[in-house]
Amino acid sequence: MNKKLLIGTGVAFSLLFSPFSQAFAEEPTTGERKQVDNVAHRGAAGYAPENTIAGFDLAVDMKADYIEIDVQRSKDGELVVIHDTTVDRTTDGTGKVGDLTLEQLRILDAGSWKGEEFAGEPIPTFEEILDRYHGKVGILIELKAPELYPGIEEQVAEALSERNLDKPQNEKIILQSFNFDSMKKMDELLPQVPVGVLTSNRALTTEAALKEISTYAEWFNPSYGIVTEDVVNEVHSQGMQIGSWTVRSREAADFLFDMKVDAIITDYPDYVDPGN
């Protein structure tokens, strides 16, 4: 069993069973469905501009258990929340995130592309998101292309530690990345904070691969295209949880419910709510 297994990943909302008392045995259900964490991908990105306060606020209003955010760094060293490594798709600007200062990033309109009602939504800072949402909703923090930003792991760790979010008794924080080396570093820097790895590579679902990943990670988060019952069972057998992405249809949500994953990462939080 991993040293950090499931610490802080569902306690505050009591949505996940205790791994210490039940050890992946009998799982709680709502009706015929296992309880899963409802993770709002980049906020409620199906309804509001991704990675904006408007999107995250809507996710909270929709009773998501977590918001998922993407963290990068500005030219002058500030941590910002945006998915792409350029600003072209989701703002009225152009250029690489890492080539623009915080001031240059903050004046961009990150909302109008989704609808005029969102005009003027700025790119948030990482610290702004932590201060606004910790204690209100879980935060799944993706380090986006950390290889472009040497030392970003230390910066993220410092921001969390300053807010006492590096301790298991605090509210839900999970770190994740496609960069496995980055997550190994986060495991060393914040040994009590759960980390996860993202992948769409079926070769990483073998027993040997998952066993190695479980030496530093608590979550294995694959694209739903490679999720099977065998994969879910193997992830659980290695003492990890599984969260899958990105759900943009009710059919995909139903499939992942049937697979008995632990979290569903979705642009549409209402698709994961059993009441909808």
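1. Helices and strands here are DSSP runs, numbered from the N terminus. With that naming, asparagine 51 sits in the loop between E3 and H1. Keep in mind throughout that this is a predicted model.

2. Asparagine 51 is worth a look for its backbone. Its phi is positive, about 55°, although the residue is not a glycine. As a rule, most residues other than glycine have a negative phi, and most peptide bonds are trans. Is asparagine 51 buried or exposed? Its relative accessibility is 3%, so it counts as buried.

3. Lysine 63 also has a positive phi without being a glycine, about 70° in this case. You'll find lysine 63 following H1, in the loop between H1 and E4. Lysine 63 has a relative accessible area of 65% and is therefore exposed, the cut-off being over 50%.

4. Now for the helix itself. Ile53, Ala54, Gly55, Phe56 and Ala59 of H1 are buried.

5. Two packed helices are described by the angle between their axes and the distance between the axes. For H1 (residues 53–61) and H3 (residues 126–133), the axes come within 12 Å and cross at roughly 25°. Angles under 35 degrees count as roughly parallel, so H1 and H3 are roughly parallel to each other. The crossing of H1 past H3 is right-handed.

6. Which residues make that contact? On the H1 side they are Ile53, Phe56, Asp57 and Val60; H3 brings Glu128, Ile129, Arg132 and Tyr133. Sorted by class, the contact of H1 with H3 has five nonpolar and three charged residues, with no polar ones.

7. On to the nonpolar core. The largest one has 69 residues, and the members that touch the most others are Ile69, Phe126, Ile141, Val156, Leu160 and Leu175. Apart from it lies another core of nine residues, including Tyr66, Leu140, Ile174 and Ala263.

8. Not counting residues up to four places away in sequence, leucine 160 touches Phe126, Leu130, Ile141, Leu165, Asp166, Ile173, Leu175 and Leu190. One of these contacts, Asp166, is a charged residue.

9. Arginine 163 is in the loop between helix H4 (152–162) and strand E7 (173–177). Is this arginine 163 buried or exposed? The relative accessible area is 16%, and buried means under 20%, so arginine 163 is buried. Setting aside residues up to four places away in sequence, arginine 163 touches Glu127, Leu130 and Asp131.

10. Valine 231 belongs to helix H7 (residues 229–237). With a relative accessible area of 7%, valine 231 is buried. Leaving out neighbours within four places in sequence, valine 231 is in contact with Thr205, Ile226 and Ile242.

11. Last point: check the peptide bond from tryptophan 245 to threonine 246. This bond is cis, with omega near -20°. Threonine 246 lies in strand E10 (residues 241–247).

Note on methods
Residues are numbered from 1 along each chain as its sequence is written. This is a predicted model: local features need pLDDT of at least 70, side-chain atom pairs count only at pLDDT 80 or more; totals for chains, interfaces and linings use all residues. Side-chain values use heavy atoms; hydrogens and water are left out. Axes are lines fitted to C-alpha atoms, for helices over the stretch in contact, and angles run from 0 to 180 degrees between N-to-C directions. Helices (H or I, at least four residues) and strands (E, at least two) are DSSP runs, numbered from the N terminus. Angles under 35 degrees count as roughly parallel, over 145 as roughly antiparallel, 65 to 115 as roughly perpendicular and the rest as oblique. A crossing is left-handed if the near helix is turned anticlockwise from the far one by less than a right angle, and right-handed if clockwise. Contact means heavy atoms within 4.5 Å. A nonpolar core is a set of buried Ala, Val, Leu, Ile, Met, Phe, Trp, Tyr and Cys residues joined through side-chain atoms within 4.5 Å. Buried means under 20% relative accessible area, exposed over 50%, partly exposed in between (1.4 Å probe, protein chains only).
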